[in-house]
Structure formats: C-alpha cells, structure tokens
Amino acid sequence: MKKKVVALFLTVVFVLTAFSMYSMVSKVQADNAASIQCTTQGDFMPAPFEEVTVEKSSISNNQDMFCSIQGDIMPPPFEDDEDTTTSTK
Amino acid sequence: MIEFIQQYGAALLRPLVIIGWIFVYKKNTKYTYLTSFSLKYFICFFLIFIIWNIFAFSFSSNVLVARLIFLFFWILISIYEFYYILKALFLSFNAEKKHNDIFVITLSVLAIPVILAAILCHTNKTYNPVNTTDFYNMILLMLGTVIVLKNLLSYESFMENIESFFIYSGFVLYFGLHILASNVIPFGFRQNWFFAQYATLISLIYWLGSVYFIWKIRSRLSS
C-alpha cells in the first residue's frame, strides 16, 4: 500500500472512532427513547431497562395506514386522505 | 407466525447457513489464500453467533445475566468483525506482512470504543452507548467491505474468488441494513424494534441462497 493510502485509511479510522467515542460519551446521560431498547446486531436482544417505560403510539393500527411497498415516493397515509375529504366538504 | 420469525428466524437459519457454507468449503480444495481465509473465518463468524444464541437461550430467565452475556458477546463479535474485515482488506491489497504493525494499531484503536460502550451501557443502565457505537462500527465495516469487494472485482482471477464475492457482498447488505436498524428511532419508526432481526434475517437468506449459486457456478466451471 502507498503511504497516501495508509494515511487516508488511518485518518478515516481515527476520525470515525473519535466521532463514535464523542457521541457515545455525550449521549450516555441522555434520557431519550433510543436508550430503552437495544438496536445492535444479535439474534436475541436483551430486555429493556426497567427504569424507562416504552411510549405507546397513539395510532391504534398504523401498519394499515402507511404504504410500505417499493417505490421512491409513497402515497399519503389514508388518514390524511380522509382529513382532506372532510375539509373540502 | 410473524412473531415467531421475528424472534427465532435468524437463530434457526444460522445452522442451515453454516451447514451450507461448510459444504461449499469442503466441495472445493483449490482456493486462493484470500478465499480460504474468508471461508474459514466466515464459518467461525456463524459459530460465535450460534454459541451466543445457546447462552442467550440458557440464561433468558435471568435478565441481568442475559444482559451481561449479550454485552460480552457483542464485544466479541464486534472485535471479530473488525479483525475479519481488516485482515481481508490487507490481504486484498497484498499488504498483510508489510503492514502488520498498522493492522495491530488499527484493531486496538477500534476495540477501545467497543469495550468502553459495553462498560458504559452496564454502569449507566442505558443502551445509548452500544447503539451509537454499533452504528459507527457498521459504517466503518461497510466501508472496508466495499473496498474489499472493489479489489476482488478488479482481480483478473475473479472466478477463483467467487465465494469471497458472495461473502463480502452479503456483508455489505448486512452492515447496510444494520446501519438502518441502528436508526429506527431517529427515522421515526417507534414500533419497529425488530428491524435489526429482520436485517440479519435478510442477510442470512442471501448467504443461504449464495450456496446454491456458488454450487451451480462451480459445477459449470468444472464441466
């Protein structure tokens, strides 16, 4: 490997490691939704920490409202469609 | 059924994938050094996950021990992935012996945030450190894997490294999907906690399907 390639390689590694350390340490006290669940790799995730409760969604069955198939621009959710219909009347 | 696939799909598919890849490894004996290394360490990669799953099953009733086991194996698999991709990267550049010191320094530097994240996760009772570190790890690993793939495709003897191609293209898929999985909450998918399992499941299906294609390509080449 050329010296330039080695220097670039080490720079990328060091910069991303520094970012990782900075983000990790700055977020360690943050009490947000991301702290309750583990989203890393692994087949069986550990249980959420007991101190924080999961915020439930106000939408009862949001799976049916959003289009999740392939396509770059998704159609609007059905709830919005209903709202528009109501407002035009 | 969906819940069953979410929880046990990846764990059940792993033994099938490892059997398939052992079959691939045993089928052909003439491999390049890179492909031989890739196959051996790829099988070991699955073995670590299977041992991890056995421990996770055995201690699933004790939440605290299960969490400690998870963190221990997460450290192990993260450092192993760095070792694997870094070694493949150096091999693909034919710079393994020449730059051994850089390899050791890089691996040591990359291991620091992984170990620190697991310690902070345990002491502060929050998954933020591991989630954040895993996200950055995946970016680095995906970058490394893309370069390995680029080097593989530029070889004149590409067909001799066909197994490596399927392994590393699967890793690009795996790391790419896990980057998305690390960000389910910032992206607004508050209920999709199983995104990471689906990411693993899709990659496993790809690797399992690859066994068939490798077998077909190798059969055609030998005939």
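A:Ser23 touches B:Thr132 and B:Tyr136, residues up to four places away in sequence being left out of the count; contact here means heavy atoms within 4.5 Å. The structure is a predicted model, in which local features need pLDDT of at least 70 and side-chain atom pairs count only at pLDDT 80 or more, whereas totals for chains, interfaces and linings use all residues. Residues are numbered from 1 along each chain as its sequence is written, chains are lettered from A and ligands numbered from 1 in the order in which they are written, and side-chain values use heavy atoms, with hydrogens and water left out.

A:Ser23 belongs to helix α1 of chain A, which covers residues 3-27. The residue counts as buried because its relative accessibility is 10%; buried means under 20% relative accessible area, exposed over 50%, and partly exposed in between, with a 1.4 Å probe and protein chains only. The side chain of A:Ser23 makes a polar contact with the side chain of B:Tyr136 at 3.1 Å and reaches the backbone oxygen of A:Phe19 at 2.8 Å. A polar contact is a pair of N or O atoms within 3.5 Å; within protein, one must be able to donate a hydrogen and the other to accept it, and residues adjacent in sequence count only if both atoms are side-chain atoms.

Chain A as a whole contains 2 helices and 0 strands, where helices (H or I, at least four residues) and strands (E, at least two) are DSSP runs numbered from the N terminus. Of the 89 residues in chain A, 27% are buried.

The contact between the two chains involves 42 residues from chain A and 61 residues from chain B. Together, chain B and chain A bury about 4600 Å², of which 68% lies on carbon and sulfur atoms; buried area is the accessible area (1.4 Å probe) that two parts lose on being put together, summed over both. Across this interface there are 4 residue pairs in polar contact, both residues at pLDDT 80 or more. The largest share of the side of chain B that touches chain A comes from α5(B), with 12 residues. By class, this side of chain B has 39 nonpolar, 16 polar and 6 charged residues. Ala, Val, Leu, Ile, Met, Phe, Trp, Tyr, Cys and Pro count as nonpolar, Asp, Glu, Lys and Arg as charged, and the others, Gly among them, as polar.

Helix α5 of chain B also holds B:Asn137. B:Asn137 counts as buried because its relative accessibility is 5%. Residues up to four places away in sequence aside, B:Asn137 touches B:Trp74, B:Ser78, B:Phe82 and B:Val114. In the loop between α4 and α5 of chain B lies B:Lys125, which has a positive phi of about 50° although it is not a glycine.

Side chains of opposite charge can pair when their charged atoms come close. A salt bridge is a side-chain nitrogen of Lys or Arg within 4 Å of a carboxyl oxygen of Asp or Glu. Across the interface of chain B and chain A, 0 salt bridges are found, and the count over all chains is 1. The side chains of B:Arg218 and B:Glu163 form a salt bridge, at 2.8 Å from N to O. This pair links distant parts of the chain, with B:Arg218 in helix α7 and B:Glu163 in helix α6 of chain B, 55 residues apart. B:Glu163 is buried, since its relative accessible area is 1%.
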